[in-house]
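Please look first at the sequence and the 3D view shown here, and keep both at hand while reading the report.

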2 protein chains.
Amino acid sequence: MNPKRYLPILQWLPGYGRATLTSDLLAAVIVTVMLIPQSLAYAMLAGLPPEVGLYASIAPLVIYAVFGTSRTLAVGPVAVVSLMTAAAVGQIAPQGTPEYLGAALVLALMSGLILTLMGVARLGFLANFLSHPVISGFITASGLIIAASQLKHVLGVEASGHNLLELLVGLAGSLGQVSAPTLVIGLSVLVFLYAARRWLKPGLRRAGVPDRPADMLTKAAPILAVAVTTLATWGFGLDAQGVAVVGSVPAGLPPLTLPGFDSGLWSQLFVAALLISIVGFVESVSVGQTLAAKRRQRIDPDQELVGLGTSNIAASLTGGMPVTGGFARSVVNFDAGAETPAAGAFTAVGIGVAAMLLTPLIAYLPIATLAATIIVAVLSLVDLAAIKRTWAYSRGDFAAMLATIIVTLVVGVESGIMAGVGLSLALHLYRTSRPHSAVVGRVPGSEHFRNVQRHDVETDDRLAILRVDESLYFANARYLEDTVMELAARQPGLEHIVLACQAVNVIDASALESLEAINARLKDAEVRLHLAEVKGPVMDRLQHTDFCHEMTGQVFLSTYDAWQELRGESDGSLSRRCAELQMAPLR
Amino acid sequence: MNPKRYLPILQWLPGYGRATLTSDLLAAVIVTVMLIPQSLAYAMLAGLPPEVGLYASIAPLVIYAVFGTSRTLAVGPVAVVSLMTAAAVGQIAPQGTPEYLGAALVLALMSGLILTLMGVARLGFLANFLSHPVISGFITASGLIIAASQLKHVLGVEASGHNLLELLVGLAGSLGQVSAPTLVIGLSVLVFLYAARRWLKPGLRRAGVPDRPADMLTKAAPILAVAVTTLATWGFGLDAQGVAVVGSVPAGLPPLTLPGFDSGLWSQLFVAALLISIVGFVESVSVGQTLAAKRRQRIDPDQELVGLGTSNIAASLTGGMPVTGGFARSVVNFDAGAETPAAGAFTAVGIGVAAMLLTPLIAYLPIATLAATIIVAVLSLVDLAAIKRTWAYSRGDFAAMLATIIVTLVVGVESGIMAGVGLSLALHLYRTSRPHSAVVGRVPGSEHFRNVQRHDVETDDRLAILRVDESLYFANARYLEDTVMELAARQPGLEHIVLACQAVNVIDASALESLEAINARLKDAEVRLHLAEVKGPVMDRLQHTDFCHEMTGQVFLSTYDAWQELRGESDGSLSRRCAELQMAPLR
């Protein structure tokens, strides 16, 4: 057992030097500035008090630095996971209650435990259940829902809803109560952030600012918006004129919290915790892998599960909320020159200082500003081009993507992702449930066999040779039964069926049962079943089965051997009974 | 559109003659005799009044004769589906209430609609989700639960429970109230039926009775037990001494019933209806296929869905319960010489006559007799040898089977089957998520390439050739990314990576995204990505993608072409840019 594998911090800490320290510190300052408004905003999106977002950006970062394998990933609250948190916790208790806060902690703890256990059991492959079109569709739909859910803050009205339709109907019904000063602030920030994204960086570049600083300055636009609108609200007393503000936020380091252990609550939140874990893991791993590859580094997905899991456990013990590796912040961290996870730990210190010292200053921060920040951030997640691209490339993948989008928008986030996963699995099973197979005949004068429908080959009415081009397992076992029995029903004079198995790498228990059923049914129909070209490992397993003893026919090394023997052109030395093969395995 | 395909009755009715009529009539008489006690018993198992079992054996049989494709399948209430019905309906209302009865009708209707729609949409392949080990484990566990649930009737005590543990605890707690006369009747029937199964047929054979009549007589043992115990109870007035009896059963043909359309009830029952549909379909199709094969006939699984679906709809409209093709009764029907589904229609007439005339006679039928009939029938479903066999053959399949058994016994039937399906899918994805791939090198002096780990081959530090031995789709897309990036990270001087795709039949949208990610990451790492031996249909799709335009490398007809060109041993004529291939597709 290699401790460096399970404690990745040991890989970089011993060689940590002054140059790396300087790079990491600089990156930490830049990420901290970016993270403050983002953390406040995502806490609000999850329906939690703003300080929870800050708390969730402290301890998890330190823990990830110990257990995570990505050198540059920045963990913390992210948009999609915050939306999923709001959806899950909202079913337990109303926002603003202690129960709501407590349920968010339980969700973070459960998600942390699930991720850690998956990592220890090396179950990272489970993330493969989420195909790219499903993830892409889910993120697009989530982005639309998040944007719609924040519009009320920009308009300064009350409205609620769990899906896009409800949200839009709620907004339409409350347009009469729009607060003009709130709308002015919200729209100004929206326009400013959009303009900064669109024109600031090119403008700075043209003004001679190098690429990276220009990028950093652009990414700092939200903090500028926060500062200006907070000052304006305070200076002009806008909060008295109907502009909702964050209000008093307790100053200080994160509290120690112990999530509740109510089994009813745990079982209610289990599915949500599982989905949040998997979605968060997939997002985090994609970001981590992309960044690692740029420097020819590697991340270990199973250890990443442990890193994210322990980070979430840390979040749950320090008054936080579910966290994962975020795309935007990790890219900023990387571009700012972070070299080790120590940058994350320094960021945690920065956020900690903010939590202690800056919270009194944000009492006048308008909620509309945070909402506008969120809207601009999530609309960049909406990828309509991906929908078009998927339609053009594959109708099946498109169907899975569309189902995910529609169900997410119309029903909700959990149902949406489950619909997508269910449909992509069903489509995959459908594709592989009809494996390619071909009746083959002999190329005259040779030992080669080819598809009878494509080539002019020699056949025999008493003998059918079926070449199966895929491993046999439960999804296609029944199809094999159908194919063979149809063959037998079609050719009345048939005496022998040979399955040519050169492409069969695995025969699972379902396929074995099917072979037994085929053998028994062919026996009733007075047709014998033979095998040819069975691979070594497959034959090893078959030898200890009832099928091997009950098989009416023989096992041949090659299809040509079967052809010769079953047409009576050989002396019987080319075949063996399956049950007699124990001592002499095939190649 | 061929009407014979959608109305299979047209295939046999026009040629129906006197000889077939005689065979079918004889089979119908035998099946009717067998079906009367079975229908009463399975209705009781489902928690429904006994006449419901008879009703469910009338209209569905007639409808199946019109729409079903098996010549000999006998539909009606079966043990496992009855158990699932009891579990589902028991969550809606207590047994004996009109709501319970109504929910059973809704369940039959929903199951019928689901099956019919699946048939029309040709979704029979969905049954492939249920692997053989999962079905086998589920049926074994169901058999144990059913047997345990019937023990209370044999003992004459009150007890209830939804899983094996609860059932056994309930029984143990009520042993003090055992009714002696009930126990005597129950045990006698158990012993008699067991003995009949075990010794009657061999005994009759030794006494010179031919095989088939001997079998028929054995199968008629339950009706004898019913007759004798009913007479005894009536004669000795045992019902006054604590023997529970069926009581008065209304005489007459099935009533016309209209299941309720309460959306709350429908959504509560949906999952149960879906599972009942799929389990029933799988059971029915296995029986149908086995019997069809014996006479070299075929059944059409998608049309079978329609046949079973319309049968269930008929059951729901005539006071019945969910039905499917049963194993025991279909075998009896087949062995008794049934030649067409007309035998089923004649059986329906027989059961109809019984419902009109015999119901007054069964008022004194002891419930213990029915319970004993069920126990002997379902214990034959318990297949412990299959568990051992699966363990020996495949640990993965065994895990899925064991999970199904344990969850079914401990939690319940629906959870059990879902656990099994979930685990077998997960195991399948796990298997295929790590496809075989090999770094290959050139066999010196040849154009062949082999695995570098197994053969002594020529390699080049600037060039890595990876042969992928499986289609690329969402479950293995991430693994491909890992494999390629690990290769790039391991070989520092690398300039080119070639993916040799001779075994790749499909690249789905997820795998395409992975190829794009691989291409982009390799570009960051200054390694070019090339493809070789791409199959025609795969290349056709790739040509219209962004990947094709962004690919840093080339497309080669053969691996050897790539080897020559990338080592600078050729004049550049062997490769083409992906985007230039539109006009000249590869083979």
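The report below moves from the contact between the chains to helices, loops and salt bridges.

## Basis of the report

This is a predicted model, in which local features need pLDDT of at least 70 and side-chain atom pairs count only at pLDDT 80 or more, while totals for chains, interfaces and linings use all residues. Residues are numbered from 1 along each chain as its sequence is written, chains are lettered from A and ligands numbered from 1 in the order in which they are written, and side-chain values use heavy atoms, with hydrogens and water left out.

## Where chain A meets chain B

Taking contact to mean heavy atoms within 4.5 Å, 60 residues of chain A are in contact with 60 residues of chain B. The area buried between the two chains is about 5,600 Å², and carbon and sulfur atoms give 54% of it; buried area here is the accessible area (1.4 Å probe) that two parts lose on being put together, summed over both.

Between chain A and chain B there are 11 residue pairs in polar contact, both residues being at pLDDT 80 or more. A polar contact is a pair of N or O atoms within 3.5 Å; within protein, one must be able to donate a hydrogen and the other to accept it, and residues adjacent in sequence count only if both atoms are side-chain atoms. Helices and strands are DSSP runs numbered from the N terminus (helices are H or I with at least four residues, strands E with at least two). Among the elements that give two or more residues to the side of chain A that touches chain B are α8 (132–155), α13 (263–294) and α21 (474–490) of chain A, and the largest share, nine residues, comes from α21(A). The residues on this side divide into 28 nonpolar, 15 polar and 17 charged, where Ala, Val, Leu, Ile, Met, Phe, Trp, Tyr, Cys and Pro count as nonpolar, Asp, Glu, Lys and Arg as charged, and the others, Gly among them, as polar.

## Two covered helices

Helix α14 of chain A (residues 301–317) has 17 residues and reaches 24 Å from its first C-alpha to its last, close to the 24 Å expected at 1.5 Å a residue; the expected span is 1.5 Å times one less than the number of residues. Because 14 of its 17 residues are buried, α14(A) is largely enclosed by the rest of the structure. Buried means under 20% relative accessible area, exposed over 50%, and partly exposed in between (1.4 Å probe, protein chains only). The N-terminal end of α14(A) is capped by A:D300, with a side-chain oxygen 3.0 Å from the backbone nitrogen of A:D302, and just after the helix A:G319 takes a positive phi of about 70°.

Helix α17 of chain A (residues 367–379) is also mostly covered, as 11 of its 13 residues are buried. The buried residues, including A:I367, A:L370 and A:I374, pack against α3 (18–45), α6 (79–90), α8, α10 (180–206) and α12 (221–236) of chain A.

## Residues in loops

Is B:S131 buried or exposed? B:S131 is buried, with a relative accessible area of 1%, and its place is in the loop between α7 (98–120) and α8 (132–155) of chain B. Leaving aside its neighbours within four places in sequence, B:S131 is in contact with A:F474, A:S510 and B:S424.

Most residues other than glycine have a negative phi. Phi of B:E526, however, is near 60°; B:E526 lies in the loop between α22 (509–524) and β7 (528–532) of chain B and is exposed, with a relative accessible area of 67%. Phi of A:R122 is likewise positive, near 55°.

## Salt bridges

Two of them cross the interface of chain A and chain B, one being the pair A:E513 and B:R389 (3.8 Å, N to O).

A:R122 forms a salt bridge with A:D300, the closest N and O atoms being 3.8 Å apart. A:R122 lies in the loop between α7 and α8 of chain A and A:D300 in the loop between α13 and α14, so the pair ties together parts that are 178 residues apart in sequence. A:E481 forms a salt bridge with A:R521 at 3.3 Å, linking helix α21 to helix α22 of chain A, and both residues are buried.

Terms used
A salt bridge is a side-chain nitrogen of Lys or Arg within 4 Å of a carboxyl oxygen of Asp or Glu.
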